[in-house]
Amino acid sequence: MHLAKIIILSILDALAVWSATILFTEHKYIFLSVLIIVTVIINFVYLSKKTYALRYILPGTFFMILLVVYPIIYTVYVSFTNYGTGNILTKPQVINQIENRYYLPEDTKDFNFKAYKIPDQKEYAVLLENEEGKLYLAIDEKVSEVTKADSRFVDQNNDGTIDMIENYEHLDRAQLFKNLSVLQNLEFFWNDNILKMKSISKFSLYRQQYKYVKAEDKIIDLKNNISYFPKEGSFTSPEGETLLPGYRANLGWENYLTLFTDSRVSGPFLRVFIWTFEWAILSVLTTFVLGLFLAILLNDKTLKFRKFYRVILILPYALPAFISVLIWRGLLNTEVGVINQILNTLSLQSIPWLQSVFWSRFALVVINLWLGFPYMMLISLGSLQSISGELYEAASIDGASAWQRFKFITLPLILVSLGPLLISSFAFNFNNFNVIYLFNEGGPPIVGAQTPAGGTDILISYTYRLSFESGRGADFGLASTVSIIIFMITAVITWFNFKYTGALEEVKENV
Amino acid sequence: MYKKQDKKTRIFKHIIIWIVIAFALFPLVWTLSAALNPANTLINQNLIPENASLKNFKYLFNNTQHPFPIWLWNSVKISFITSFIAVSMTALAAYPFSRFEFRGRRNGLFVILLIQIFPQMLAMVAIYLLFLNIQKVLPAFGLNTHPAIITIYLGGAIGVNTWLMKGYLDTIPNSLEEAAYIDGASKFQAFYRIILPLARPILAVLFVLQFIATYSEYILASIILNSNQKYTLAVGLHLFISDMYSNRWGVFSAAALLGALPIVILFMSVQKYIVHGLIGGAVKG
């Protein structure tokens with residue numbers, strides 16, 4: 001056992017050292033420090049006697065910290081930034097990118113050129129000739145004046161064309177086109193200017209357009225003599241023009257303010273917010289009412305076929321929800337769906353299940369009723385069986401009607417035992433992404449909304465669409481802000497749940 | 001219950017139950033009908049298809065543009081590996097909480113309970129960005145890889161399951177391990193050789209529940225996986241069918257039935273445990 005442990009630890013450590021060298025050479029210092037800390041902890045836990053219990057807990061905890069705890073903390077961070085399309089890079093990366101932009105100054109010079117390349121390698125040389133016939137050779141990232149008699153030149157057939165420069169071979173026109181994409185990106189620095197390809201027949205002198213001044217934290221446009229200062233993640237001129245792309249920057253509470261005060265965003269957000277609550281409440285209520293009702297019917301031990309009924313009735317719950325929802329979406333298809341066909345045969349009009357906000361929501365509640373009532377039926381059955389029959393007998397002796405027995409005995413007792421599960425179910429449906437998104441992708445769209453918010457979107461699907469919907473830019477910052485709001489609501493619901501059930505005290509007593 | 005019901009009430013009960021059964025079976029019956037209908041369209045579908053055949057099923061297995069068998073295999077593979085590792089880690093984590101006295105035991109258990117309250121998908125943006133960064137250093141664990149999505153699922157592995165597992169382990173008497181210690185077994189051997197075999201029922205239940213949950217997961221898989229060969233069934237089927245109902249309905253129905261079958265069987269095998277409530281709520285809603 002000991003030997004196996006030492007071997008496994010050695011392999012892990014070897015892997016860690018190997019990864020560390022890679023991370024070090026790639027300058028990924030954050031990853032590197034995480035790696036070192038994790039490796040040290042692992043070694044300590046599995047070698048020290050004091051941490052014996054931790055050896056069992058560590059594997060699961062490792063994944064929990066890396067993929068639940070850390071992402072939650074990172075979500076908080078992102079919610080205070082403008083991270084998203086157009087603001088993906090860090091500030092140094094953006095500065096570097098902008099500083100690499102060039103412009104053609106008015107006093108530029110053009111050169112005819114011939115390109116040379118070492119066969120099977122990515123090494124290029126360019127022989128340039130200006131209007132006065134002077135020759136320049138750009139090779140090894142350097143440019144220098146040369147003469148036709150240069151010792152490196154080889155003119156094999158003496159036709160005046162230089163066929164080779166050292167081991168670089170001349171590229172004819174066809175080869176030139178083949179290598180065009182590389183040639184276009186060649187840059188040679190030459191006295192504050194940059195020699196770049198301008199067209200298929202010309203090289204020209206370019207000049208760097210932007211320069212970052214570190215002391216004043218600004219970018220100067222050298223061509224137009226304008227200064228750009230950092231503002232909310234973009235370099236912005238006093239006239240309000242920005243240099244693209246922007247960079248990742250801290251915005252403070254900006255995203256939160258936008259969500260609640262910018263009417264183009266807050267209006268749809270409020271709709272989504274309210275519907276999320278309506279949806280969760282309706283889901284729990286409808287499934288619980290139907291589930292409990294069926295449970296009461298099935299709890300009658302003299303009922304024939306009750307085992308058979310039970311198995312058939314839990315079928316909807318047994319199917320993976322993503323499949324059921326996609327099936328319902330087909331049945332409810334407005335143009336050709338089975339349900340509208342049935343309505344048509346009954347001489348009723350087709351219902352726009354996916355196009356109207358009301359009918360979309362209606363359909364979702366029905367679908368979720370279908371998905372969820374078996375669960376409620378199962379837990380209600382379990383709970384009903386624990387209610388003593390004597391209570392009912394006593395009540396009926398006192399002359400209570402069936403409804404009174406339900407109202408004063410069954411319901412209160414059931415609510416007490418199922419209360420926590422109902423609250424959990426509320427929390428689950430609050431974030432029931434699959435049903436909402438797979439049915440209608442959150443649609444139909446809200447007219448005039450600036451963000452992708454649909455009529456059936458709940459908070460979690462709204463977050464998803466803000467970040468990942470194709471065709472729109474991603475707004476990770478705002479999406480994370482919505483996530484944080486869901487986090488807080490979830491925390492409140494859970495707190496309520498614990499308080500309601502005293503579960504926390506019970507947990508602390510029993511562990 | 002305590003009074004003879006009259007015949008009318010009885011029949012009335014059966015009628016109501018049959019109405020709900022009709023509601024429960026309605027989509028399933030139509031799906032079965034569409035799967036067997038070679039017309040492959042929603043338009044003018046009849047409940048009983050003319051010329052019923054297995055054409056749609058055959059098409060599923062010979063479609064290179066939408067490789068259904070690969071999606072199904074990906075889902076099964078990912079779910080199996082995730083569940084196996086998750087259950088192993090859960091058993092390991094629950095054992096010391098059930099048996100050993102150590103500092104931070106109560107708080108540790110408590111923290112696990114608190115953290116698992118927040119669904120992992122809430123942090124989807126952060127998870128996506130994390131793997132975007134990992135990709136630059138370690139492409140084998142980056143976006144669009146199965147190791148990445150399995151790792152993500154493992155993050156939520158210990159949580160409520162640890163509690164269920166601990167509850168079960170608490171019912172196994174300590175004397176078994178003490179006897180093993182006397183025979184010279186180490187602590188880990190006692191756990192591995194004595195306790196684990198006894199905990200087989202709960203291990204099986206947790207495995208099945210984790211399998212179903214992983215198999216049905218859509219949101220994180222859709223964020224991480226982005227190529228036809230890597231999709232899980234949930235992601236693949238959604239892309240396959242959305243907005244294409246009028247001309248892929250039959251094939252989709254066949255895929256839905258095949259994709260649902262393993263889960264229905266697994267589910268039925270553990271459904272009696274759901275009566276206890278907590279377990280099911282941890283997976284579905």
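Strand β2 (residues 110-117) of chain A pairs with strand β11 (residues 202-208) of chain A in the antiparallel sense, over three bridges. The model you are looking at is predicted, so to speak of local features pLDDT must be at least 70, side-chain atom pairs count only at pLDDT 80 or more, and totals for chains, interfaces and linings use all residues. Residues are numbered from 1 along each chain as its sequence is written, while chains are lettered from A and ligands numbered from 1 in the order in which they are written.

| Partner of β2(A) | Bridges | Facing residues |
|---|---|---|
| β11(A), residues 202-208 | three bridges | D110(A) and S204(A) |
| β3(A), residues 124-129 | six bridges | N112(A) and E129(A) |
| β8(A), residues 168-170 | two bridges | Y116(A) and H170(A) |

The pairings with β3(A) and β8(A) are antiparallel too. β2(A) and β3(A) form a hairpin with six residues between the strands, and there D120(A) takes a positive phi near 65 degrees.

Now to another sheet. Five strands of chain A make an open sheet in the order β12-β13-β14-β15-β16, with antiparallel pairing. Its edge strands are β12 (210-213) and β16 (242-243) of chain A, each pairing on one side only. Within the sheet, β13 (residues 218-221) and β14 (residues 226-231) of chain A are joined by three bridges, and I219(A) stands opposite Y228(A) of β14(A). Helix α4 (residues 91-99) of chain A packs on this sheet and touches β12, β13 and β16 of chain A; its direction makes about 145 degrees with that of β12(A). Such angles run from 0 to 180 degrees between N-to-C directions, with axes being lines fitted to C-alpha atoms, for helices over the stretch in contact.

What does chain A touch in chain B? In all, 84 residues of chain A are in contact with 81 residues of chain B, where contact means that the C-beta atoms, placed from the backbone, lie within 7 Å. Helix α3 (residues 52-79) of chain A gives the most to chain A's side, with 16 residues. That side divides into 58 nonpolar, 21 polar and five charged residues. Here Ala, Val, Leu, Ile, Met, Phe, Trp, Tyr, Cys and Pro count as nonpolar, Asp, Glu, Lys and Arg as charged, and the others, Gly among them, as polar.

Terms used
Pairing = 2+ DSSP bridges. Helix = DSSP H or I, 4+ residues; strand = E, 2+ residues; numbered from the N terminus. Contact = placed C-beta atoms within 7 Å.
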